[in-house]
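Here is a brief report on one protein chain. Overall features come before a single residue.

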Amino acid sequence: MRSDLLNSILSDLNGTSADIEASAVISTDGLMMAALLPASLDEDRVGAMGAAMLSLGDRTAQELARGTLEQVLIKGDNGYVLMTHAGGEAVLSVLAKPSARLGLIFLDVKRTAEAISKVV
């Protein structure tokens, strides 16, 4: 039931913008909780990489005295990966197109992370 609710939240997020290509909720230890990903992506790999990147971001922010980590943003030729905490036990990961308007994406992701934190 919880996974159905998380999938519904992800579906709403993906529907808010044509710039969002995929999204997932991952536990902080890398297990996939819910996902709306293309078939070409392996959920287990996405989960493991997302958790590792957020953990590294947490450590980097701490070591460089940047405060509490809010998000990790990766930009590549084919678009963006945005990861943010969704409560203490989950990570929201979003794939966006290279032409995405990031300000709107950040706002939608923040709202979605808050909704997810109430579920997990």
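Contacts between residues 24 or more positions apart make up 50% of those in the chain with a separation of 6 or more. The model behind this value is predicted.

The chain holds three helices and five strands. Their order along the sequence is α-β-β-α-β-β-β-α.

Overall dimensions come next. Along the principal axes, the C-alpha trace spans about 35 × 35 × 25 Å.

The table collects values for the whole chain.

| Property of the chain | Value |
|---|---|
| Share of the 120 residues that count as buried | 38% |
| Accessible surface | about 7000 Å² |
| Share of the accessible surface from carbon and sulfur atoms | 52% |
| Distance between the mean positions of positive and negative charges | 7 Å |

The chain carries 10 positive and 15 negative charges. The mean position of the positive set lies 7 Å from that of the negative set.

Now to one residue. Thr112 sits in helix α3, which runs over residues 102-119. Is Thr112 buried or exposed? Its relative accessibility is 8%. Buried means under 20%, so Thr112 counts as buried. Which residues does Thr112 touch, leaving aside those up to four places away in sequence? They are Ile9, Leu13 and Leu92.

Definitions and conventions. Residues are numbered from 1 along each chain as its sequence is written. This is a predicted model: local features need pLDDT of at least 70, side-chain atom pairs count only at pLDDT 80 or more; totals for chains, interfaces and linings use all residues. Side-chain values use heavy atoms; hydrogens and water are left out. Helices (H or I, at least four residues) and strands (E, at least two) are DSSP runs, numbered from the N terminus. Buried means under 20% relative accessible area, exposed over 50%, partly exposed in between (1.4 Å probe, protein chains only). Contact means heavy atoms within 4.5 Å. Accessible areas come from the Shrake-Rupley method with a 1.4 Å probe; for residues, only the protein chains shown count as cover. Lys and Arg count as positive and Asp and Glu as negative; His and the chain ends are not counted. The place of a charge is taken as NZ of Lys, CZ of Arg, CG of Asp or CD of Glu.
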